[in-house]
Amino acid sequence: EIKTEGGPINVEGVIATKPDKREVTVRNEKVAVTSFDLSDETGKIRVSLWRKLADIAKDFNVGTKIEIKNAYVKKGFGDQLELTSRSATSIEVLPKSETA
């Protein structure tokens, strides 16, 4: 249900695509970023996690339920909204719900 840029926000969802880790150069520094799609009953959003969080997220499996805290929403490619991490962002793996 994310409609606008900004944050910080907390989101819960299930990893819908295999996390893809790569290195990019930002301000002359090589930085790790891991990207994947996160979905819930309201839709799907692209997530990019940077630096330490990229190393954590690269090993997540499709179907893993997570909560991302203190993330920010920005416009990405094609004007699509996406979620991105900053220094205060954290990730928690949640137990699978028995009622799902």
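## Close-up views of salt bridges and a buried threonine

Aspartate 55 is partly exposed, with a relative accessible area of 37%. The model shown in these views is predicted.

**View 1. The salt bridge between lysine 21 and aspartate 55.** The side chains of these two residues, lysine 21 and aspartate 55, meet with an N to O distance of 2.5 Å. Lysine 21 belongs to strand E2 (residues 20–26) and aspartate 55 to helix H1, so the pair ties together parts that are 34 residues apart in sequence. Lysine 21 is partly exposed, its relative accessible area being 35%. Aspartate 55, at 37%, is also classed as partly exposed. This pair is a salt bridge, and the structure holds 7 salt bridges.

**View 2. Aspartate 37 and its salt-bridge network.** Aspartate 37 pairs with arginine 46 in a salt bridge, and their closest N and O atoms are 3.2 Å apart. A network of salt bridges links Asp37, Lys44 and Arg46. Aspartate 37 has a relative accessibility of 13% and therefore counts as buried, since the cut-off for that class is under 20%. Arginine 46 is partly exposed, with a relative accessible area of 33%.

**View 3. The salt bridge between lysine 58 and aspartate 59.** In this pair, the side chains of lysine 58 and aspartate 59 meet at 3.1 Å, N to O. Lysine 58 has a relative accessibility of 33% and counts as partly exposed. Aspartate 59 has a relative accessibility of 54%, so this residue counts as exposed. Side chains of opposite charge can pair when their charged atoms come close.

**View 4. Threonine 64 in its loop.** Threonine 64 lies in the loop that runs between helix H1 (52–57) and strand E5 (65–75). Is this threonine 64 buried or exposed? Its relative accessible area is 14%, so threonine 64 is buried. A polar atom of the threonine 64 side chain lies 2.8 Å from the backbone oxygen of asparagine 61. Leaving aside residues up to four places away in sequence, threonine 64 touches Gly13, Val14, Ile15 and Val93.

Definitions and conventions: Residues are numbered from 1 along each chain as its sequence is written. This is a predicted model: local features need pLDDT of at least 70, side-chain atom pairs count only at pLDDT 80 or more; totals for chains, interfaces and linings use all residues. Side-chain values use heavy atoms; hydrogens and water are left out. Helices (H or I, at least four residues) and strands (E, at least two) are DSSP runs, numbered from the N terminus. Buried means under 20% relative accessible area, exposed over 50%, partly exposed in between (1.4 Å probe, protein chains only). A polar contact is a pair of N or O atoms within 3.5 Å; within protein, one must be able to donate a hydrogen and the other to accept it, and residues adjacent in sequence count only if both atoms are side-chain atoms. Contact means heavy atoms within 4.5 Å. A salt bridge is a side-chain nitrogen of Lys or Arg within 4 Å of a carboxyl oxygen of Asp or Glu.
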